Amino acid sequence: MSLTTAHSVVAPSANSKRIAGTIIVLYALISIVPLLWIFATSFKTPPDSIAYPPKILFQPSLEGYCNLFTTRTRQTPEYINSLGPATGFCDETTRKRNMVIAGPSNFLPRFVNSLIIAFGSTFCAVFLGTLSAYGFSRFKVPLADDLLFFILSTRFMPPIAVAIPIYLMYRELGLSDTALGMILLYTAVNVSLAVWLLKGFIDEIPREYEEAAMIDGYTRLQAFWRTVLPQATTGIAATAIFCLIFAWNEYAFAALLTSGTAQTAPPFIPTIIGEGGQDWPAVAAGTTIFLVPILVFTILLRKQLLRGITFGAVRK
Amino acid sequence: MAEIRVQHLRKAFGDFVAVQDSNFVVEDGEFFVMLGPSGCGKTTTLRMIAGLELPTGGQILLGGDDVTMLRARERDIAFVFQLFALYPHMNVRKNIGFPLLAQGMPSAEIRTRVEETAKLLRIDHLLNKSVSGLAGGDRQRVALGRAIVRRPKCFLMDEPLGTLDTEFRDLMVHELRELHNRIHATTVYVTHDQMEAMSMADKIAVMNHGVIEQFGSPREIYDRPATMFVADFIGSPPMNFLGFGGGVAKGAKEIVVQGAKVAVPEVREDIAPSEMALGIRPEHIRFDDSSKLRGAIYGAEYLGTTQIVAVETADGIIKARVPAEIRLSTGDHVGLTLSSARLSLFEKGSGRAVRTAIHDVASERRAQHG
């Protein structure tokens with residue numbers, strides 16, 4: 001036996017690295033093709049988007065984005081000709097299809113709703129989750145194990161299973177179709193995940209840090225703020241991403257409980273299809289824009305996310 | 001700086017009694033070490049003095065004030081943790097200045113105080129470094145810096161050298177004692193390492209199962225162990241015990257062990273017949289063929305200037321520390337002579353030391369000092 005085999009961790013060989021790399025690249029391609037297709041479709045004209053065979057190369061157009069942000073009405077050519085010169089690209093493109101812009105679409109307010117509800121609920125879930133995780137981690141909570149199990153048990157069935165009772169309750173409470181209602185709902189769903197994830201992270205921060213700070217003249221809250229929180233940022237970031245992804249993508253509750261002022265982007269985007277034929281470029285444009293915030297957030301926190309997902313696997 | 005007075009201190013966690021009825025006084029400026037095996041209650045006692053645990057009963061007085069139920073931050077003490085508890089998100093300067101920040105001290109003053117402290121500990125060149133890159137000894141110095149920067153009433157240290165390498169540990173033992181000699185801060189130091197305790201302490205309390213077995217200077221504890229536990233815990237190798245039956249009478253000057261008469265320090269109390277033990281430090285045994293107390297050589301550890309020889313007697317193996325020049329081979333029969341003036345007697349049942357002439361010296365000394 002040579003000495004190198006005595007180590008349990010063996011450096012990967014060049015060959016195994018190459019194989020692993022190939023698998024990862026293939027998997028990435030398979031995952032990313034639908035996204036690329038959506039991205040490409042958003043820059044096609046409606047005829048290009050339904051062309052067969054599908055067009056890989058095409059003349060890019062912003063028509064989909066124009067259609068996403070506007071509502072249009074069909075008019076006679078005589079009426080269109082009677083109008084003054086087109087005011088911009090969107091106006092011009094619309095007129096070519098015998099339509100005029102009637103006004104802004106609901107996409108922007110729905111998108112803003114999504115932002116408010118997703119970030120609001122993420123903040124609430126992480127805030128509550130951090131505090132309760134700290135409590136469970138540091139204090140003798142009576143029946144702590146049962147409480148933690150109860151918190152986890154709220155995730156045992158798909159949340160949508162309780163859709164009808166929640167729908168009825170929300171109607172009684174006047175929370176239907178309100179941003180507050182949606183924030184509360186998503187917080188409730190996410191907080192169990194947040195408590196469990198964050199408890200793991202906080203458990204790994206030695207309590208000596210707070211004890212040292214408390215002896216050095218700080219209150220427990222100050223000690224928590226100054227010593228625990230800075231060290232829990234990795235965990236908090238990872239938890240926040242998970243919560244945000246859920247709240248951002250959630251469709252079923254949003255479709256059921258919001259229809260007007262508080263409607264989020266996921267139930268709104270499919271409704272674009274119905275407005276004046278199958279406007280795939282507009283749907284694709286909506287989806288593309290919808291992906292941006294989560295992409296930016298994930299890229300900003302990618303380091304924490306990576307460490308967060310592998311937490312517990314590697315200890316110093 | 002202040003005196004620490006612990007009275008009838010008790011701590012129970014449910015049914016488990018971690019500390020029972022502890023009493024001791026750490027005088028102003030004294031280096032006090034609590035020594036004992038793990039789980040003996042020494043750390044719990046320290047944490048109660050710090051205010052990190054609340055006692056089940058008893059009192060803690062700090063500089064004459066009752067602090068038993070005060071919060072940690074209201075006690076004006078400093079604590080050095082075994083794992084140092086340096087804040088990884090702050091550099092050395094911020095770590096040391098952290099306690100001063102809590103007092104709302106102006107930043108210019110914090111700066112000077114931190115720099116003074118760093119100079120004292122010879123870590124001023126590290127002030128702007130991140131703590132995560134520091135070597136063990138330097139981490140220890142930063143932890144000490146955070147403790148002394150505040151000039152607290154006393155320092156509490158929980159096995160602060162426990163995680164260091166042996167070479168660093170020896171260095172830090174020396175540095176800690178030197179630091180103490182310079183700033184004369186009342187210090188309570190917890191360790192399970194008798195070498196640390198013996199080399200640093202002014203006073204030692206040896207604890208076992210939540211009870212203080214003995215409180216005294218390192219010399220008292222080594223020379224006149226109050227219990228068999230202390231005798232066995234202190235010293236390397238520990239004290240040897242030879243069992244003998246029958247009691248001893250007040251005024252007795254010799255006992256019979258394994259058929260041999262052994263002179264002992266004059267006994268000062270009557271002990272009813274019971275199982276007893278004679279305690280002998282390894283360095284108080286000499287080989288002498290004329291002695292009636294006999295054994296066979298079992299093995300030897302060569303240590304350079306001395307050697308530790310294990311001798312099999314009728315009552316088990318005892319260890320003797322003898323000059324390295326003596327040539328011995330396994331199986332040799334030897335006679336053992338004991339230094340009579342240095343022997344201890346114990347009651348086996350209670351483990352308590354019997355009062356003898358060796359304790360007279362102690363009371364005389366105490367009288368002189370008192």
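A: Strands of a sheet pair through backbone hydrogen bonds, either parallel or antiparallel. In chain B, an open sheet of 4 strands shows antiparallel pairing, with the order 2-1-4-5. Strands here (E, at least two residues) and helices (H or I, at least four) are DSSP runs, numbered from the N terminus, and two strands pair if DSSP finds at least two bridges between them. Strand 2 (16-26) and strand 5 (65-66) of chain B are the edge strands, each pairing on one side only. This is a predicted model, in which local features need pLDDT of at least 70 and side-chain atom pairs count only at pLDDT 80 or more, while totals for chains, interfaces and linings use all residues. Residues are numbered from 1 along each chain as its sequence is written, and chains are lettered from A and ligands numbered from 1 in the order in which they are written.

Q: How many bridges join strand 1 of chain B to strand 4 of chain B, and which residue stands opposite B:I4?

A: Strand 1 (residues 4-13) and strand 4 (residues 57-62) of chain B run antiparallel and are joined by 5 bridges. B:I4 faces B:L62 of strand 4 of chain B. Helix 1 of chain B packs on this sheet, where it touches strand 1, strand 2 and strand 4 of chain B. Contact is a matter of C-beta atoms, placed from the backbone, lying within 7 Å. The direction of helix 1 of chain B makes about 115° with that of strand 1 of chain B; axes are lines fitted to C-alpha atoms, for helices over the stretch in contact, and angles run from 0 to 180 degrees between N-to-C directions.

Q: What is the strand order of the open sheet of 6 strands in chain B, and which strands stand at its edges?

A: The order is 6-7-8-3-9-10 in chain B, with mixed pairing. Strand 6 (77-80) and strand 10 (211-216) of chain B are at the edges; each has a single partner strand, so one side of each lacks a neighbour in the sheet. On average, neighbouring strands of this sheet are turned by 15° against each other, direction ignored. Strand 6 of chain B pairs with strand 7 (residues 154-158) of chain B in the parallel sense over 4 bridges, and B:V80 stands opposite B:M157 of strand 7.

Q: How is chain B divided into domains, and how far apart are their centres?

A: The bounds come from an automatic or database domain assignment. Chain B has domain 1 (4-223) and domain 2 (228-369), with centres, taken over C-alpha atoms, 36 Å apart. Between them, 8 residues of domain 1 of chain B are in contact with 6 residues of domain 2 of chain B. On the domain 1 side, strand 9 (203-208), strand 10 and helix 7 (218-223) of chain B each give two or more residues, and helix 7 of chain B gives the most, with 3 residues.

Q: Which residues of chain B does the UniProt annotation "domain: ABC transporter" cover?

A: The record, an unreviewed entry, places that annotation on residues 4-234 of chain B. UniProt positions are given in the numbering used here, feature names are shortened, and annotations may be inferred rather than shown by experiment. The span is 36% helix and 26% strand, and its end C-alpha atoms lie 25 Å apart.

Q: How many residues of chain A are in contact with chain B, and which element gives the largest share?

A: On the chain A side there are 14 residues, in contact with 17 residues of chain B. Helix 10 (208-215) and helix 11 (220-249) of chain A each give two or more residues to that side, and helix 10 of chain A has the largest share, 6 residues.

Q: Why is helix 10 of chain A described as largely enclosed?

A: A residue is buried if 20 or more other C-beta atoms lie within 10 Å of its own, exposed if 12 or fewer, and partly exposed in between, with C-beta atoms placed from the backbone. In helix 10 of chain A, 7 of the 8 residues are buried, so the rest of the structure largely encloses this helix. Its covering includes helix 11 of chain A together with helix 1 (42-50) and strand 6 of chain B. After helix 10 of chain A comes A:G217, whose phi is positive, near 110°.

Q: Is A:T73 buried or exposed?

A: A:T73 counts as exposed because it has 11 C-beta neighbours inside 10 Å. A:T73 lies in strand 1 (residues 70-74) of chain A.

Conventions: Contact = placed C-beta atoms within 7 Å.
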